Amino acid sequence: VGQLLGAARFISSRFPLRCRCAAARGDMAASQKKVVKEAFAKWQLVDSSGRVTVESLHTAMRKIMPEVSDPTLREIYAAVGIQDGSVRYEDFVDFIFSSTESTVPSTAKSVVLVGWGPVGNSFLSKLLEKGGERFSFTVITEESYPAYNRVKLTSFFQHRDPNALALSTLEWCLANGVKLVFGRASQINRETKTVDVDCKSEMRSVTYDELVLATGSKPFVPPTPGLDLGIKGNFVYRTIDDLFAITERSKTAKKAAIIGGGLLGLEAAKAAHDLKLETHILEMAPHLMPVQLDSEAGGMLKSMVEALGPVVHTGVKILEILSDSTGVTGIKILENGEELVLPVELVICSAGVRPRQELAEACGLELGSRGGVKVDGYMRTSDPCISAVGEIASYQGGMCYQLSAPGYTQAEVLAEKLAQASSTLAFTGADISTKLKLLGVDVASFGGHMDFWFKRHYMSDDTSIVHNEVLKDGSKGLYKKLVFSPDGSRLLGGILVGDVADFSKLTAASKRSDVGGVSPAEMLAGKMPPVDDGGDGTNLGDEDDVCNCHCVKKKTIRAAIEGGAHDFAEIKRCTKAGTGCGTCITTGPQPKLLAHTLHKMGVQKGVCPSLPFDAEDIEDLAKARQLKSYEELVSSIGYPPAATEGDKAALGSSLLERISGKPKGAGLDHVGQLRALSADLWKFVDKVNCNPILLRLAWHDAGTYDKSKTEFPDRGGANGSIIYAPEINHGANNGLNKAVKYLEPFKADYPLVSWADLIQMAGAVAIQHCGGPQIAMIYGRKDASGPEACPGRTSRGTADNAGLPDAEAGGDGKFACGATDAATHLRNIFYRMGFDDKAIVALSGAHTIGRAFNERSGTVSEGYGEAKACPYTKAVGVSCPIRGDGKNGVGMPGGKSWTTKWLKFDNEYFQPHVYEEKDPNLLWASSDRALHIDPEFRKYFMLYKDDQSAFFNDFAVAMKTLCEQGAEFEPPEGIKI
């Protein structure tokens, strides 16, 4: 019932203006009922007899509350009183609102959470599950994004999309009554139980009954001369904003230095390497990852990292960061007793972290001996009304755990204690075993007891303390070290490099009292101690952890599966297993456990009985584990006894070909690949809501066309040259490398399709998907040969960005083409391409979708993320849903839009509420204003205002011309699909 109440609040929040008006009339409850009914009708949840079916209700609830399992939802439906698969529409809505007052007590305790990182988010969700109706929740967060997965931070460079890292959503907060305050907590007033928050434009005070500090850590920046974050080119590696800033600097940098060769340093090195920078890793210790690895493993890791491209410098001292007016120019180091300067333009400092204890220290809370806030086993600080979890929490005044797994355990303990004061569940320390992929190399270290780490058993050769077994194969990049008790009867821990497949089994074995008679040499060879795993092949007992990040036991996951969580997504929602680093799924035992349990239950799902997963999951798992055949798939992730004769055929030759390395379009001719690509792009756009950036990419690739030039590719146009650095780094193209990253997997899957065709097809699909006209496209464009074919910045004579238009004039009052007014500027740009005034206005109407960002153009103050968004570009904005089909989704929140529904292609751009500039939350630049004011432009502008079909027709013609001009086709007449 509590969840449904949250859902009702979520639905009603979609019409806040109407609700606020009703509230002023004192009729909030009636208004909310009306709004919910309207929403249900809009979402087509009500059948012709006025009833809500279970299935239609379930579809809506899955979107609203993805973290709640299917079985739980269906229990809620039963509580509501659904009979024969449906409930009367009016009864359902009345039930929600009649329950509101009785289920939300007025004496609810106010819980304020400072910090919305992974651990803070985990605490929040756990307390909501355990007794959310007894609390009110406020989250104070400095970042512009919902809680995101820092463990996977480096994967950002594969997609450039903050949503792909998200652990929560704004919709979830609304649905659960969680209030968000975007700003920096500046002071805790313990006497008044308030927290002062600097929200930039104002100071706010938030009152608490229970205050939870989850402020995490901050990067440690050593006092090295020149290592000043105020100097361009110096960065730390901690947040999404850091990654955006590093990406921007990488456009002009060629070389990067990473200070630190530990976990964070190697993650940062991967980022620099992905950005195509020559990368140097600088570590003061004699080998990489000195906290987790011994010298041999560290040495092997160095060889493997250098084989991938980066240069590793160990045993070095950083002397100075050199810079001039352009920013960082080099880094002076002492290596092997000799001073030298590495010429770099980008430095990332990843020299460790320190707890963010300033708030706690300023209000007089007791601190730990090594930093952080001292907490007891129940996560209480020296103030009984203040608790701390995660990297800020100093357990018993000692260690601050700098890993997510201990933080999740602490979050569980604190949530249990707040929900049930009599709880005896306490934090007593945590496993700090880790498994990571660093620069493409699998690395893991595990230990069954803290002595393994703090007494450095993993580095000891003292036979009175340890017995070591080591397997090393440099040719295969493998290192395996198992550390046993002196008599070999107990596994203490170990180190794995290159092959970490046995990590979960070995970690579990290290926590047992003995190895069951298996000799150390046998374990090194791969034999495991006997364990009753129930026949699932995991070699894990019920009490063993499957997910180390969240300490989720095998029996917990099996119970979730038996309760209806029949895929990885459902297991994540129910247990959190797989939501941390994710390796318990990608390379761990979760797939085998799922396959075995489903078979025992008699549940038929997925591709085939032995592999009860969908094709996409199978492909992802095969890629992560480097599996190339059906037999390898069943052995590694499936349940072999369930195999039938038809399983391999059911898997399909195309899927098997893909996992063996063949692209998705293999076997298709050029036309076949174009058709398949079009369908895949539609699915992608529908999922990611990236319509505007794909259209912008198509425009900017084609927009360099110059009719005065005759030779290809010198004349510009749609030739794919925008993928190369000289062009993608033009100021007008800021942010478009994200769109190129989106399209790279499609190019790999459909190699017969040129980049030029791929970019223009993506733009056309983006337009049609959000409700715009179908463009009569032809394909067969040839690609520019390389960077040398990119147009020079001033080559078009009309702007400094290869002829692309400016939104506003520069500081001197002139546009880049030299014009002093926007109308002349637009004509200079578009006449060069051969367009007339009608086409200029029609093409400009594409601004009906899309946004501007401060980080890209600088023309607006709004930027990336929820906190920097205008009301229309928030994850749940005042105009939601904004998509043309009425579905939810905004892609990455943030920026400022021209229209209220900026994922719907229509003629809103030409409407009075936009061009009259009465809404400060809508963008209207000088180049937009000219279209409405200039007499020749205005007649088309007003035509499109009144006649959307005329706009669509003229836009389709102009867009087709734009994406064909300058292109060279093979065959010359092009290809129609």
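Lys 126, Lys 130, Glu 412 and Glu 416 are joined in a network of salt bridges, a salt bridge being a side-chain nitrogen of Lys or Arg within 4 Å of a carboxyl oxygen of Asp or Glu. The model is predicted, so that local features need pLDDT of at least 70 and side-chain atom pairs count only at pLDDT 80 or more, while totals for chains, interfaces and linings use all residues. Residues are numbered from 1 along each chain as its sequence is written, and side-chain values use heavy atoms, with hydrogens and water left out.

By this rule, 47 salt bridges are counted. One of them connects Asp 757 with Arg 781, whose closest N and O atoms are 2.8 Å apart; this pair links distant parts of the chain, 24 residues apart, with Asp 757 in helix 31 (residues 755-769) and Arg 781 in the loop between helix 31 and helix 32 (822-832). Helices are DSSP runs of H or I with at least four residues, and strands are runs of E with at least two, numbered from the N terminus. Asp 757 is buried at 1% relative accessibility, and Arg 781 is buried at 3%, where buried means under 20% relative accessible area, exposed over 50% and partly exposed in between (1.4 Å probe, protein chains only). Asp 946, by contrast, is exposed at 60% and forms a salt bridge with Lys 945 (2.8 Å, N to O).

Five strands form an open sheet in the order 11-18-12-13-14 with parallel pairing, pairing requiring that DSSP finds at least two bridges between two strands. Strand 11 (234-236) and strand 14 (311-314) stand at the edges with a single partner strand each, so one side of each lacks a neighbour in the sheet.
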